[in-house]
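Keep the structure open while reading.

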Amino acid sequence: MPAMTAVDADARAGAGEPAEAVGPLVRGVGVLRRLSGAGGTLSPSALERATGLARSTVDRITATLARMDYVRLDGRDVVLTPGVMDLGNAYLAALRLPALLGARADALADELDESVSLAVADRDGIRFIHQATRRRALSVSFRIGDLLPAERTAPGALFATEWTERDWAHWRTRRTGDPRDTAFPAVPPRPEPAMSHDTTEAMDAAVDATVDAAFADRVRAARRDGWALDDQLIEPGLVAVSAPVHDPRTGRVACVASVVSHTSRHPAADLPTTLLPRLRKAVAAMEADLRTAPPPEPGPAPAGLATWTTASKQELGRDFVESLARGLTVLTAFGAGRSALSLTDVARATGLSRATARRALLTHEHLGLVTTAAHEDRAYALTPRVLDLGFPPLTRTSLPRLAEPHLRALAERVHEPTALAVLTADGTEIQYTAGAATSRVLTVRIPVGARLPAAATSLGRVLLADTDDALSPKLAGIRAQGYALADEELESGLRSVAVPVRDRTGRAVAAVNVATHAARRTLEDCVRHLLPALRATADDIQRDLHRASRFTQVPTT
């Protein structure tokens, strides 16, 4: 049987749409999934081909997603933006496991000097919710949100110990329809034999039977031993050992913790003795954390979403698909302390009518993004599939990559060059990490990677003013006013103004500036006209940084 592609899967889902499903929401979710599967960037024509939608429909959907800050239209491409991570962040916050157990996983990774992951079950697959990856030339490339087939992982065998016969039947159907795992872009597809069609089908059947029997054996071993081993199931050299973390309320597997390595460091046969004991110790601590965790404090629910979508529709007209925007806002009603919500709760949080919220929830349930909450009557909960909506491609971003589109927009707005920089470890220099130039004949051109004395630059001064060291009166003044000026101190004729970029804790991790020539702008003009736009840009960069770093590590360089 030919492999079932993602397009085929969407077509089958669309064929079985409930009568009350919101069509534009189904199509918009399909566009986000295609963008995510393509690494975050596709042209409109490529989206047209991938989704089978008319170009006009693609244009309206992408215009709506751009208005929601989920994508940006960058030249000829549609590019995912950190705003779309609000959807995945809502799921991870509602789940609580990354917040409760992530620090334990990070500590284990530091102790073992190996990559450690946490994964949850996603039907007949496993999906990562936390990654503590070692920074080596040869390292694991899986991302938060990546989906892997259960039979090619150690966590999959542990989750399968709790499968019902219906779960096994679904797994067999998927294996038959997609024997090469083409629906799992995070793993290498199984090789296709270079033989005739009839011979290939016969070989597929034999290979499938072998894989199925081997997986069943590993599930039995995992049930007996309480842990599982991955001996190069995904690709040669990659090995892992996994142990389940149980939910204290139900006794079922809440997630699986894994230590991942490669055979040059740890042969698979050695993992039960070299890594498993310390993994089990960490898992015991994780389970203790779950038992003693206080009830979650509900975070602030989104406000004014229905009003915003109505206003956007009035402003943009037919280019704004209001039913798509309203349907996606329903997902953001969930979050910390709001893991299970009734229809009334969702309507109240979003400002939508009960009828509109109900149709959106029915559509999301059809798409596999929400389900009926296991321990709540008449309540809904998000599923791990929400992470399909643009999350994985953005988890490996960096602060310079987040800043670049904002720096370009600022440079175009003020017609002056802009830059992002960080303070070096010893605090004596700044290092430029991103920038945007202008088309002026006389302009500032400092390449990325260049270093300059911190004390002589506006970027360095605003960062030095945020340190814990005793501040000079000049630096204390900069901290109080929130910006720094440099007036021809680095080079004759060069003026600049800088403001800090702060992380989720409020610490200045970088600074952004605008540079100009003294003949073009006075110091007063820099403060009056450049500073407001610069502060707005810093706010935009910070907003994206806070979204991207809520459950992932975002390098500053």
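## Strand 8 and its partners

In this predicted model, Val 239 stands opposite Ser 261 in strand 9. That pair belongs to the contact between strand 8 and strand 9 (residues 253–262), which pair in the antiparallel sense over 9 bridges. The two strands form a hairpin, with 6 residues between them. In this turn, Gly 251 has a positive phi of about 80°.

Strand 8 also pairs with strand 7 (residues 228–231); these two run antiparallel and are joined by 4 bridges. Here Leu 229 is the residue opposite Val 241 in strand 8. Strand 7 and strand 8 form a hairpin too, again with 6 residues between the strands. Gln 232, in the turn between strand 7 and strand 8, has a positive phi of about 60°. In general, the strands of a sheet pair through backbone hydrogen bonds, and the pairing is either parallel or antiparallel.

## Ser 242 inside strand 8

How much of strand 8 is buried? Of its 9 residues, 8 are buried, so the strand is largely enclosed by the rest of the structure. Ser 242 lies in this strand, which covers residues 238–246. The relative accessible area of Ser 242 is 0%, and because buried means under 20%, Ser 242 counts as buried.

Another part of the model is an open sheet of 3 strands, in the order 1-3-2, with antiparallel pairing. Strand 1 (41–42) and strand 2 (71–74) stand at the edges with a single partner strand each, so one side of each has no neighbour in the sheet. Strand 1 pairs with strand 3 (residues 77–80) in the antiparallel sense over 2 bridges. Within this pairing, Leu 42 stands opposite Val 78 in strand 3.

Helix 4 (residues 55–67) packs on the sheet and touches strand 2 and strand 3. The direction of helix 4 makes about 115° with that of strand 2.

## Helix 4 and helix 13

Two packed helices are described by the angle between their axes and the distance between the axes. The axes of helix 4 and helix 13 (residues 322–331) come within 9 Å and cross at roughly 45°. Helix 4 is therefore oblique to helix 13. Their crossing is right-handed.

Which residues of the two helices meet? On the side of helix 4 they are Ile 61, Thr 64 and Leu 65; in helix 13 they are Leu 324, Ala 325 and Leu 328.

## Ile 144 in a loop

Ile 144 is placed in the loop between strand 5 (125–132) and strand 6 (147–149). Is this residue buried or exposed? Its relative accessibility is 5%, so Ile 144 counts as buried.

Not counting residues up to four places away in sequence, Ile 144 touches Leu 92, Phe 128, Ile 129, His 130 and Gln 131, among others. Its contacts also include Phe 391, Pro 392, Thr 395, Phe 551 and Thr 552. Ile 144 and Leu 420 are 276 residues apart in sequence, and their C-alpha atoms are 27 Å apart in space.

Definitions and conventions: Residues numbered from 1 in each chain as written. Predicted model: local features only at pLDDT ≥ 70, side-chain atom pairs only at ≥ 80, totals over all residues. Heavy atoms only, no water. Pairing = 2+ DSSP bridges. Contact = heavy atoms within 4.5 Å. Axes fitted to C-alpha atoms, helices over the stretch in contact; angles between N-to-C directions. Buried < 20%, exposed > 50% of the residue type's maximum accessible area, 1.4 Å probe, protein only. Parallel < 35°, antiparallel > 145°, perpendicular 65-115°, else oblique. Left-handed = near helix turned anticlockwise from the far one by under 90°.
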